[in-house]
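I opened the notebook to log what I looked up in this model. The entries follow in the order in which I made them.

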Amino acid sequence: MRYTRSLIAGAAVITGLSGCGKFLDATKAVADPNAPTVASINQLFIGIQANIFGQQEGPAAMLICTWVQQCGGTAGRFVEQQGAYILTNDDFDTTFGSIYTAGGLLSIKDAEARADAVGDKKYKGIIEVLEAMDMLFAADNWGAVPYREATTSTQPAFDPQLQIYDDLLKLLDQAIADIGAGGTGPGDFDLIYQGNSTKWIQAAHTLKARIYLHLAEARGASQYTSARTEAGLGISTPANDFKAAHSAATSERNMWYQFQQTSFGQDLVAGAKLVTIMQAQNDPRLPEYFKKNAAGTFGGYDVATKGTVNGDPSTILGAGRNTATFAQPIITNDENLLIIAETAFRAGDIAGAATALNTVRARYGKAAIAAPTLTDIMTEKYIALFQNIESWNDIKRTCIPALKPALGRTVVPGRIPYGETELQTNTNALTDPPTLITGRNANDPTACPSA
Amino acid sequence: MRSRLCLLSFLFALAPAVASAQEATFSGKVTAEGGNALANVSVFSPELGVGSFTRDDGTYSFTIPGARVSGQMITVSARRVGYRAQSVRIALKAGATTQNFQLSANPLQLGEVVVTGAGTSTTVERLGNVRNVVATDLIQKANEPNLVQALAGKAPNVQISQSSGDPGSNSRIQIRGLRTLNGNTEPLFVVDGVPVSNYTFSTTNFNPVDAGATAGVGGQDNGGAFEGTSAPNRMIDMNSDDIENVEILKGAAAAAIYGARAANGVILITTKKGRAGSTKYQLRSSYSNDQISRKYPLQRSFSLGNNNLSALPCEDIGKSTCTRSWGPKIPAGTPTFDHASEAFDDGSVFDNTLSISGGNERTTFFLSGSAMKNQGIFVGPHNFFNRSTVRLNATHQLTSALQVGGNISYADTRGDFTQRGNNVNGLLLGLLRSPPEWDNFPYLDPNSGLHRSYRLQNPTAASAGQSRGFNNPIFSLYEELNNQQAARTFGNVTAEYHVLPWLKFNYALGADYTSDERLEGCPQECSDVAAGGRITEGNIVNYQIDNSLSGTANRTFSDNFGANLTAGLNMNSRNYRTFSDIGRGLIVPQPFSILNTLTRDPPSDYQTQVHNTAGYGQLQLDFFSQLFLTGALRRDCSTTFGKSNRCAVFPKGAAAWTFTNAYRPPGITFGKLRASYGEAGNEPQPYLTSVTFSGTNLVGGISQGTGFTPTQSGRGGLFFTFTKPAETLKPERTKEFEGGFDVGFLGDKADLSATWYASRTSDVILVTPIPPSSGYSSEAKNAGKLRNSGTELQLNLRPITNTGYSWDMSFQWATNKSRVDTLEGAQFLFTPGGFTGNVFMIGRPLGVIRGEGWVRCGISANDAVEGIDLSTVCAGKPKGALYIDDGNHNCGEPGMPCEDTENRILGDPNPKWTGNFHSSFRIGKLELSGLVDVKHGGVNWNGTKGALWSYGTHKDTENRAICTGATNAKCSGNEHAFGDADWYPGAVAGPGAGLKIPIGQNWYRNSTVACPFTGIDEPCIEDAGYVKLRELSIAYSFTQDFVQRSLGMSSIDFRVSGRNLKTWTNYTGLDPETTTAGAYDKVGGSDYFNLPLTRSVVFTVTLNR
């Protein structure tokens, strides 16, 4: 009797426990209820775009703006320090990480796989263009970086810079083919082109032209020919410009504007070089870019002398750009035309160069130049690409306009130092060149002479 | 739903069986030696699980149903704490059997049952670990509203530290050192077999933004550790009067049966139960008078200002000369104010508990209700902590084989706290910085009615809404609201089922539910981040359901061999959720409601759920009644472990040998050698293993306050979080060996217990950086290793044990040494919750303080001073000699030491040893007892002192040179030379050695000594050892006939006791027992405007009937 009872008890216990198998799989216990554990391709795609906008408008863009002397860094804090090339690897952890983490390559690869899974070629092609932009940002600024093994290995190898450029040219060809193959695409989740295939394909071609230009110093004149071909297929009208989209919500506002709202933002002012050039050309974009100083003039900060030109430096609170929702130009028809101008000039087609250059100049009410020099073209591009990190690539290649490095320095930096975390934790990491500021990337072996 | 069903299915397994006639009745009387009747003796048959307790006259009786009576031999035992248990073997037959017992005193507690957790129990001699039990009388004598604080000084290596004297403030408990770096450091609390929560949550954590922590992590325990109020630790919800005893399982070797939650030890609390017999009533009332334990030393001679110039008028907080007291000497006759005392008055605690208990042979109950009102020592209406509790414990013998029970308790706590710490809206920061000639009263300007502070002395309508710099401390006390209101219910239902005489099953379903509401209101005229007013509100809902089933088989095969096997299953679900809101800018001054604010931060909602299942077994073997071996295994599966490591196994083995049963050395009455080894774990934080996407993390920002969310242009976006899901994460694992002996000698007049232990903790979880190119920038890994070892001694002496008078003493002494062995790549990590530079550093004790020191010979690098070769200058000087500069080496003024810019280890906050001495002396019904608590060694970082030096209000600055500028040359008077017997005594070296310089504002304010700011930490490191007279009490018990005849009571006890009456210490701050982050702090030892502790005199009357 008692044994029977214990048997029944035992059996009941076992039955009871067998119902508990799901207990360790309870959704709220294994999956963080405080954050989404699933994301659709559309949500990832918005995050990827936010990350690209952050790269193009964020710390790298502001740093480069001071290095190419379109901007000046003052007031002794980090903006001035970095503007005068006082750098540590720590400073670039976040910016370097943005290539891969969060909305970087990890999200990009995941979103591409989702597009593949549903066979949406067009969506995949558009994401591939953003992958190329993300990795171009990496290769241009840091040179050799992880790419082929990135996000799939725990210790990714560093790929040579020129190999990455070649990979990206192929990736963009694939992207153009994929977009052309059709599909649903992102529609309104595309904040840049609202899913317009033509505009994406044009942007991909202008990007390719950029890459050929970046290869010209290392591989020679043939790259200009390729760049000219691609630019011919590139962004054909300002209406097709690739611009960052912003709203007035706190964390959706233009980053230059956001920075101006903080106390650090006021450390970033107009650069003497750009102000001087624009004043000499009486460029109508001056008040768009900058705000007059108290004396009613456009002044600039000169890092080479630690002095100012034309009175106190103007702030970068120009009427045209300093708004929360300003759509920051990233790849434009202006740039595409000036690529055509430069590559035509290099091919000896001065008339072709003049046509392209004067189209841009006419847009801003500036007189045509019948037989432009390379300096005319590159100076126009320097003005057009204010706040755009592509400016630095142009200067590294052409040394136009000629810059005088920061006081006490011999060269303008040619690359950005790697992030500290990557150096400390990746056993395959390459180290920075012996001094952080004199190192050069493979595509830019020669530094520009000081003006 | 499914899990709820499976919880219930355990119950159905225990369906009752029906009893029949022909019962057997046992009765008799239990007496002590000398013939006095003994009440509360448990008389029972372990085979049948049937028995009862003796009544006041020592008699007992119980009945065994006929179905179980078959003439078999059974054991009947009589046990009572403090007496040697007695057992007889009797044939069980129908009808009445009389069995009397006479018990002898048992100072060594041999034969007493020790609860060892998770349904297991054993007897003292079988125990392979050191035993630390705190009985009800010791807890009651402590008179602490907080149960955890009541454990202070009760067991070796059980370190309790109280964060402040604010009513309801938390106490931190740590057993045998830290066994983790970032994980939970508190032991597991188990009440009547069911785990309960002891969480501490500071309301400030709802507002990580203002506290300087990362946004978007609302609800996690990291934000406002250094400011806000001191929050209660939730064991404060237990009424200490409900506790029968507390068993402390120290370390992994003792606590392995609790597996993955036991690496920090386990506190097993048993509550009081009813006894068969006449119904008993007890009313215990106490009144406590509390005072500040020490007043801060402040100067009363110099006024607000700078460089000996008065700062007045001070009507703008931007005016920097209006912050510090470096102004002219206050003329004789000008009134000054006692800021050290003005914010404090007497506090009080009224505590009443009524309990009623009783029952018969089948049903017992214990019912209690209590009300405590604690008024704090700060002036104003806003510091109190009130607690009401009710508890009902009841058991019923449903059939002869099945007993069911229920135990339910409800606590309602309401408190209002005081802002503290690194906090301009806190009490002490503004109070101790107040210049002596400034009167903080009235705190509202008589003309404008606005908040006046010494930096904004005559506020007008124009300055309304402006920050006051620092709040007037009296304004903070009267106008701020820092409310906590919690309702908690916890308890269990149990069933005990004796299937066979040697086999029983126990089932317990426990629940613990807390709803904890918080509301903080800083008025419109608050300072800094709260200027304009701020509301912080939130609700914490914490609940736990625990479901356990265990079976115990107990067989004695012969006199020489017996075995006891326990096997069990456990399921545990813990849920935690916080909702909170921050509102800024009060529209009108009142009410403090989120709806009365201009803007609101994004609301926060944070929740966790943890599910555990466990299976365990323990086998205990007895050989020759002297050698006892125990082996146990527990397998824990948890949702916090990585997907590929969802379960972990924790073994234990222990041996105890009563060698005196084989050989008894002369003078030794009892001797036992014991050794044990066990492993226990510490769970990972929830969701480190979960893939998540973020909708709020920012990218692309260039400075604070900038960045893009993944959502853009109103379209919802997400991206992967920066932390890689840790799929292989395991619990942290502590392996511990413990060995020792217990001996009784000098008859039964002395016993000594010595224990040595060593533990190694591996798989310590660190969130480590990984290459961003892998797609994530950090990952939680089982990467750290650390160790602890120590010695614990306990000596009890009973020199006099006469019936009429007795004297006993106990000494406890303990050491713990810790060391960090490995930290995945890093040389050191900052400790969580450490305000100053506490670090975990390889090769060092856990939590050492790393910071800036002065340049010293043999310690600093040879090139520490520009242009000086230290080795040359230091030739012939002892190591540590202080370098004194002549002003020519870019390191400061002549005659002063230099800053060593290379950080170094400046001190160790861990004590060298801790100990206590307890004694009680009894003559008849009068008892005198005391407890002295000692902490030897260990340093504190006294940042309060550093800040007050800089502010010129510290007493040390009263002797000052008069300075008219920043340099020595601008100062005169109060001349000292560093070193030797003068200023900072000790050896000195360097070109400025021996130079006499004036010491005034040039030193305290303008050189780099003021540690909390940008200065040097070294002068703020102080020895924090102490000797505390923790308790002193005198008690008298009236049991005379008149008490019974005239008053109808069985006894009336009076007790007068003092708590923390006196502290002997070299520490110059308010109290060496302090920590800025309170229960958040892993190591303690930092002091930055922490609130003072209290000393109390307590009167207690207990009426028994």
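**Nonpolar patch, chain B**

I began with the nonpolar patch, to which β40 (805-823), β46 (913-923), β47 (926-936) and β58 of chain B each supply at least two residues. Helices (H or I, at least four residues) and strands (E, at least two) are DSSP runs, numbered from the N terminus. I noted that this is a predicted model, in which local features need pLDDT of at least 70, side-chain atom pairs count only at pLDDT 80 or more, and totals for chains, interfaces and linings use all residues. Residues are numbered from 1 along each chain as its sequence is written, chains are lettered from A and ligands numbered from 1 in the order in which they are written, and side-chain values use heavy atoms, with hydrogens and water left out.

The patch covers about 810 Å² of surface. I listed its members as B:Y805, B:W807, B:F921, B:I923, B:L926, B:L928, B:I1034, B:V1056, B:V1097 and B:F1099. Patch residues have over 30% relative accessible area and no salt bridge; like charges are joined within 9 Å, nonpolar side chains (Val, Leu, Ile, Met, Phe, Trp, Tyr) within 5 Å. Accessible areas come from the Shrake-Rupley method with a 1.4 Å probe, and for residues only the protein chains shown count as cover.

I picked out B:L926, in strand β47 of chain B. Its relative accessible area is 35%, so B:L926 is partly exposed. The classes are buried (under 20% relative accessible area), exposed (over 50%) and partly exposed in between, with a 1.4 Å probe and protein chains only.

**Positive patch, chain B**

Which residues form the positive surface patch? I found B:R294, B:K295, B:K1062 and B:R1095. Lys and Arg count as positive and Asp and Glu as negative; His and the chain ends are not counted. The place of a charge is NZ of Lys, CZ of Arg, CG of Asp or CD of Glu. B:R1095 sits in strand β58 (residues 1094-1104) of chain B. B:R1095 is partly exposed, at 31% relative accessible area.

**Chain A overall**

I then turned to chain A, which has 19 helices and eight strands. Its C-alpha atoms fill a box of roughly 110 × 50 × 45 Å along the principal axes. Of its 451 residues, 60% count as buried. Chain A exposes about 15800 Å², and carbon and sulfur atoms supply 56% of that area. I also checked its contacts (heavy atoms within 4.5 Å). Of those between residues at least 6 apart in sequence, 72% join residues at least 24 apart. For the 36 positive and 44 negative charges of chain A, the mean positions are 2 Å apart.

**Salt bridges**

Side chains of opposite charge can pair when their charged atoms come close. My rule for a salt bridge was a side-chain nitrogen of Lys or Arg within 4 Å of a carboxyl oxygen of Asp or Glu.

I looked up A:E380 and A:R361, whose closest N and O atoms are 3.0 Å apart in a salt bridge. A:E380 lies in helix α17 (residues 374-384) and A:R361 in helix α16 (residues 350-363) of chain A, so the pair ties together parts 19 residues apart in sequence. A:E380 is buried at 0% relative accessibility. A:R361 is buried too, at 10%.

B:E1031 is in strand β55 (residues 1026-1038), B:K154 in the loop between α3 (147-150) and β12 (158-162), and the two are 877 residues apart. B:E1031 counts as buried at 9% relative accessibility. B:K154 counts as buried at 9%.

B:E1018 bridges to B:R856 at 2.6 Å between the closest N and O atoms. Both residues are buried.

I also logged a network of salt bridges in chain B, which includes B:R176, B:K250, B:E736 and B:D742.

**Helix α17, chain A**

How many residues of α17(A) are buried? I got nine of eleven, so this helix is mostly covered. Among them are A:L374, A:I377, A:M378 and A:Y382. The cover includes α10 (197-219), α15 (333-346), α16 and α18 (390-398) of chain A.

Last, I checked B:D351 in strand β21 (residues 347-359) of chain B. B:D351 is buried yet has no salt bridge. The nearest side chain of opposite charge is B:R387, 4.6 Å away. Leaving aside neighbours within four places in sequence, B:D351 is in contact with B:R284, B:S285, B:S286, B:A371 and B:M372.
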